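Dear colleague,

Please find the structure below, handed over for your use.

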Amino acid sequence: MKKLMLVVFAGMSLVWLSGCGGSEAGKLIGTWKVEKVETDFDESRVTPEMLSQVVEMQKQTHFRILNDSAMVIISNLDTHEAQWKLNPEDKIITYFFSGMEGVPNELGKVSGNQIISESKTAMGMMTITYTKE
């Protein structure tokens, strides 16, 4: 289960590092929370209880974009500071932690007023939709 959480978190991280574009990045400043979690898991590998636990864990993670380069990720009462970028071409947000600039993590793709994160896990696909408060 910890591996799944790490994979999901790493997938979300990759989206945040792609680039940053002036006023467009400014629109992202604020607190983003999970609106919905969709899963397409292999039912032979996941029990309903496990699926419910994965979804609930994702709903506990949110992030706050502080300015055009800094963000805070809040997960299970732990906070992690990171740097982020928005790629103006593909609208993908990536982020990285201090000292790990060479290891970008994808957070998701900006789509209108949402950020959509798609992750492929050992159990199947997961799509997390974030909206700004």
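**The nonpolar core**

The largest nonpolar core has 26 residues, and those touching the most other members are Leu 28, Phe 63, Met 71, Trp 84, Ile 93, Tyr 95 and Ile 115. Please note from the outset that this is a predicted model. Two or more residues of this core come from each of β1 (30–41), α3 (48–59), β2 (61–65), β3 (70–75), β4 (78–86), β5 (92–96), β6 (105–111) and β8 (124–132). With 4 residues, β1 gives the most to this core. As general background, nonpolar side chains in soluble globular proteins tend to be buried together.

Along the chain, Met 71 and Trp 84 are 13 residues apart, while their C-alpha atoms are separated by 6.7 Å. Both Met 71 and Trp 84 are among the core residues that touch the most other members.

**Aromatic pairs**

The structure holds 3 aromatic pairs. In one of them, Trp 32 and Phe 63 are stacked, with 6.3 Å centre to centre and 10 degrees between the planes. This pair links distant parts of the chain, since Trp 32 belongs to strand β1 and Phe 63 to strand β2, 31 residues apart. Trp 32 is buried, at a relative accessible area of 3%. Phe 63 also counts as buried, with 1% relative accessibility.

How are the rings of Phe 63 and Tyr 130 arranged relative to each other? Their centres are 5.0 Å apart and their planes stand at 65 degrees, so the pair is edge-to-face; the angle required for that class is over 60 degrees. This pair, too, links distant parts of the chain: Phe 63 is in strand β2 and Tyr 130 in strand β8, 67 residues apart. Both of these residues are buried. Taken together, ring pairs join Trp 32, Phe 63 and Tyr 130 into a cluster. Phe 63 is also one of the residues with the most contacts to other members of the largest nonpolar core.

**Salt bridges**

In general, side chains of opposite charge can pair when their charged atoms come close. The structure holds 3 salt bridges.

The side chains of Lys 33 and Glu 133 form one of these, at 3.3 Å from N to O. Distant parts of the chain are linked by this pair, with Lys 33 in strand β1 and Glu 133 in the segment after β8, 100 residues apart. Lys 33 is partly exposed, at a relative accessible area of 34%, whereas Glu 133 is exposed, at 66%.

Another salt bridge is made by the side chains of Lys 36 and Glu 38, at 3.9 Å from N to O. Lys 36 has a relative accessible area of 38% and is partly exposed. Glu 38 counts as partly exposed as well, at 42% relative accessibility.

Glu 56 and Lys 59 also form a salt bridge, in which the closest N and O atoms are 4.0 Å apart. How far apart are Glu 56 and Lys 59 in terms of helical turns? Because they are 3 residues apart in helix α3, they are separated by about one helical turn. Glu 56 is partly exposed, with a relative accessible area of 40%, and Lys 59 is partly exposed, with 43%.

**Two loop residues**

Lys 91 lies in the loop between β4 and β5. The phi of Lys 91 is near 65 degrees, a positive value in a residue other than glycine. For context, most residues other than glycine have a negative phi. Lys 91 is partly exposed, with a relative accessible area of 25%.

Ser 98 lies in the loop between β5 and β6. Is Ser 98 buried or exposed? With 70% relative accessibility, Ser 98 counts as exposed, because the class begins over 50%. The C-alpha atoms of Ser 98 and Glu 81 are separated by 8.0 Å, the two residues being 17 residues apart along the chain.

Yours sincerely

Definitions and conventions: Residues numbered from 1 in each chain as written. Predicted model: local features only at pLDDT ≥ 70, side-chain atom pairs only at ≥ 80, totals over all residues. Heavy atoms only, no water. Core = buried A, V, L, I, M, F, W, Y, C linked by side-chain atoms within 4.5 Å. Buried < 20%, exposed > 50% of the residue type's maximum accessible area, 1.4 Å probe, protein only. Phe/Tyr/Trp six-rings, centres within 6.5 Å; stacked < 30°, edge-to-face > 60°.
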